[in-house]
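Please look through the structure shown here slowly, with the sequence beside it, before reading the explanation.

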Amino acid sequence: MKINRNIITTVLLTVFVGVSTFAQDKKWSLEECVNYALENNISIKQTELDTKTADEELTSAKGNFLPNLSGSATQNWNFGSFIGQDGNRVSRDSRGNSFGLNTGVTLFNGFRNTSMYKQAQLGIESSILQLNILKDNISVNVVNQYLNILLNKENLKVAQEQIEITEKQVTQVTELVNSGVKPQADLYEVQAQLATDNEKLTNVENSLDLAKLGLTQLLQIPSEGFDVEEIEMHLPEVLVEHKNSKEIYDYALQNRPEIKKAELDIENSELAIDIAKSAYYPTLSFGAGLGTSYQHFQGQEDLRIIYDDPLDPSSFQIIENGFTQQLEDNLGYNFGFSLNVPIFNRMQTKVSVNKAKINNERIAYSLDQAKQDLRSTIEQSYTDAKAALKQFEASRISLSAQQESFKNAQESYNSGVMNSFEFEQVRNRLVNAEANLINAKYNFVFTTKVLDFYLGNSLID
């Protein structure tokens, strides 16, 4: 038994170590991040439950068209004087049972059930649209956080490259100082620059850690050992395909779930008006039932006297009158219609109808606001994308110029024509140009991803 425990412990440790190693070595792709968030996000799971609730509401609305059915059974004991089943007063103790079945159905109630059924159908559509809205928002947030990580990774590479350049400068200046070519002050300046570069590297590393933390929190997974795949960034062609934002807005207006849900809300509010108006109409119902009973006198057999000739008291016979016989003899049926006509209910129906109409107007304004918000967002995103593209092109030209300037400055510095202060000024301009290009590139990619989002294109391509 001890050997088996050791084997089990070894296997579990091996599996645990293997899983831990996999978790730390795994690099998440953008598609994996988006899919994982959509499958595991708690808010999405809660909203999916809302769709199930909407299904149950539809089932309940269907049930309003069906008749109900209920059964009843009683057991009672009587002591003293009471009226028996034959209508005569009886002065003895007894016990009895009664059984019944009743059913009823609403034939007309001002089309209230029909309107409630249509509302339930809209409720399912609305809950699905709300789920799609939530999924879209989470997908956009995941893409944004993913791109933020890639942005900080590129900034990290730049910071590391600058440290390598500065370290080489420290080595070169140290040799020149030791040989008496340069003063000690030049070495101090380069060492100070190295310290500054290391500080920048630390800041970028912290920004990268925070970006990873942001994505893991969005995915709702542990952040330790988390990393993402680096992907090759291509400049999207969305601005080339669409010359203006109106094309994007027209497409989004017909396809975005936010607009469709707002339109469904208007339909739902119109049905609410019909439901409120239904109280003005009469209600017609049909009902039916059957019942039977059994009665037993304490200390006496279940017998019944039958007169052969009602005019001759002596012509009678005594027969069994047990439980089954009484239930059969006492079985009765009933059915009928019930009409309820509203005449005056203290203005409550009128108030309900007016409130429903007011709510309908409010929801109509909500649709107008949703359309305006959509237009504003798309126009702003399109303008941001155009500006980001211009910034990217300008940053690329600037970086190319700063790279040439840095090469010349490096040659001048190595030959002693340029001092360290002037050289650092040139290098700082290069660093800023590199950072500007990186930021411009990712800013453009994200803004065009937003436009892709409103065009219904995939965010992970």
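The paragraphs below turn to a helix, then to aromatic rings, and then to backbone angles.

This is a predicted model, in which local features need pLDDT of at least 70 and side-chain atom pairs count only at pLDDT 80 or more, while totals for chains, interfaces and linings use all residues. Residues are numbered from 1 along each chain as its sequence is written, and side-chain values use heavy atoms, with hydrogens and water left out.

Just after α4, Gly180 has a positive phi of about 85°.

Across the whole structure there are 11 aromatic pairs (rings of Phe, Tyr and Trp, the last by its six-membered ring, with centres within 6.5 Å; planes under 30 degrees apart are stacked, over 60 edge-to-face, the rest tilted). Trp28 and Tyr36 form an edge-to-face pair, because their centres are 5.3 Å apart and their planes stand at 90°. Ring pairs also link Trp28 and Tyr36 with Phe226 into a cluster.

Most residues other than glycine have a negative phi. Gln220, however, has a positive phi near 60° and lies in the loop between α5 (184–219) and α6 (238–241). Arg346, with a positive phi of about 65°, lies in the loop between β8 (332–340) and α10 (348–414).

Conventions. Helix = DSSP H or I, 4+ residues; strand = E, 2+ residues; numbered from the N terminus.
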